[in-house]
Amino acid sequence: MSQQVIASTANKARNLSLEEIAEIEHEMTLYPDKRAVGLEALKIVQKHQGWVSDASLLGIAKYLDIPAADLEGVATFFNLVYRQQVGKNVILFCDSVSCWIMGCEGIKGYIKEQLAIDYGETTKDGDFTLIPVPCLGDCDRAPVMMVGPDLHRNLTPEKIDSIIKDYKNKQD
Amino acid sequence: MVANPLTKNIDMSRPPLDITAYEANDGYQSVHAIAKGLSPEDVLELVKGSGLKGRGGAGFPTGLKWSFVPRGDNSPKQKYLVVNADEMEPGTFKDRLLMEGDPHLMLEGMIIAAYTIQASKAYIFLRGEYTVSEQALRKAIKEAYERGYLGKNILGTGFDFDIIMHTSAGRYICGEETALLNALEGKRANPRAKPPFPQVSGLWGKPTIVNNVETLCNLPGILTYGVDWYHGLTKGNDHGTKLFGVSGKVKTPGCWELPLGLPIRELLEGYAGGMQDGLELKGFLPGGGSTDFMLPEHLDIVLDYDEIAKVGSRLATGTMIVLDDKTCPVGMVGNLMKFFAHESCGFCTPCRDGLPWVDQIFRDFENGEGSEKDLQILHDHVTYLGPGRTFCALAPGATAPLGSGLKYFKEDFEKHITQKRCSYKH
């Protein structure tokens, strides 16, 4: 890679916002080294931006002075760091064993039908992204899923209807 | 006497007890007992004497684990306690209950553990999806600081202790303690080579104890009510109570605190109400997705670490997943294989390449394209991915339901091949 390419990559870094920096600085007081703050910083940026763009990732690497490649390695390792743009509400759909026994495949089919999206896709209006998630640890009330920070239990097609409606109304 | 020390304060129809109400029900008495003159060695002896075994899955004696941490003036000054609150074992839903229902109990257990190993700092490695647990714990931590149970010179003991909350961002492998430590250090969560064990060289190379949420929640009772009381709780050979859960098509799925040593039948047919109408029990995984299947003929075995090991499975997390006679066992094992294939960290070859291969074969079976040769490949993988062949315990964990499923549900696998379809689908 020529020096020019390296320089142009670094130039793509976004300057982090003051808010983001304040939160990252707070995390730095809790860990003995900067590298450990990398994942926290990714989550902070995602909280503010909705996802982690290349520019954001490079911005964090620059701010923490850690290799961008290492940070990318971390970002792509974890399920909940989004390296692609997601919708306003991310649906984390549990398809692990207890939910499977309790019929989550039918529920997933229903969501797919209602929102016209499959795993990894976002609705045209940008309201919902559907992502599978490993066991959500609420197996006695399966099937379950999360929408944003909220857990929804004992899912039925009727419940899916009202959940979708609620989140749509929330934004209006 | 208290019979349910883990859940005595839990009532999910209301918010968890605040610190005042928690204290009023014997809460933080163990910290006062420490302040009155229990040394770290005293506490270690109590916990060793209690016979408590780790509740995260492996069942390793807690006191023994702690005793490996170097002590004395020549030992590293900084030591760490880490709480493994990254509950992600398929079918496991017990730590969530403890953290959402009674967060102070875990904090009290953390103070006891940290004091014993003289760790001045602890990280709670909490699953990112557990947002309600996070809120409950943050509130409880704040209250504990205000009341002087956390911070500098706790109750005049000269012991300083801070708790830091780390919310993770997914990946089952973080439950493996050395992978968890790498994640905390901001690295990819690949497991580390052992030895050195974390007790000697863990987080940032310092002596570190990683304990499960439920393990820590056992500690306050042991100090407050005594070892004799603790030994009186059990109905079997292992000590204490344990959270047991049942999911699947039973009448009343749920999670209950019960003495160790009860027959499995009492849990499945009593607490969980037996199978839903029209369904028969075909088998069950006794302690999460990486345990071996057990059969209806095993119902009279007691819920005890050693007893369940005798029939080739593990008590592990104590949360059972029930398979009924109208659900396809091949599909169930296939679902687990998809999970393990996805959650492999990718570091070692047998796991990274073997599990997706197994997963693909299950997809073929599902589509009626499985062959005798495929079946042989599955059998081979039980060996290839087994203990000693991989870098950590993830793939061996996957071979537990795979190997036992192939053994117990042989006819169902054969049927998929001969009928070229899944006969459970209507």
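How far apart do the C-alpha centres of domain 1 of chain B and domain 3 of chain B lie? I found 35 Å between them. This is a predicted model, where local features need pLDDT of at least 70, side-chain atom pairs count only at pLDDT 80 or more, and totals for chains, interfaces and linings use all residues. Residues are numbered from 1 along each chain as its sequence is written, while chains are lettered from A and ligands numbered from 1 in the order in which they are written.

I noted the bounds in chain B as 19–231 for domain 1, 244–324 for domain 2 and 329–419 for domain 3; they come from an automatic or database domain assignment. Domain 1 and domain 3 of chain B each give nine residues to their contact (C-beta atoms, placed from the backbone, within 7 Å). On the domain 1 side I listed six nonpolar residues, one polar and two charged. Here Ala, Val, Leu, Ile, Met, Phe, Trp, Tyr, Cys and Pro count as nonpolar, Asp, Glu, Lys and Arg as charged, and the others, Gly among them, as polar.

Next I turned to chain A, which has eight helices and four strands (DSSP runs, numbered from the N terminus: H or I of at least four residues, E of at least two). Its order is α-α-α-α-α-β-α-α-β-β-β-α.

Then I looked at where the chains meet: 32 residues of chain A contact 37 of chain B. In chain A, α3 (37–49), α5 (68–77) and α6 (97–101) each give two or more residues to that side, which divides into 22 nonpolar, six polar and four charged.

Terms used
Two residues are in contact if their C-beta atoms, placed from the backbone, lie within 7 Å.
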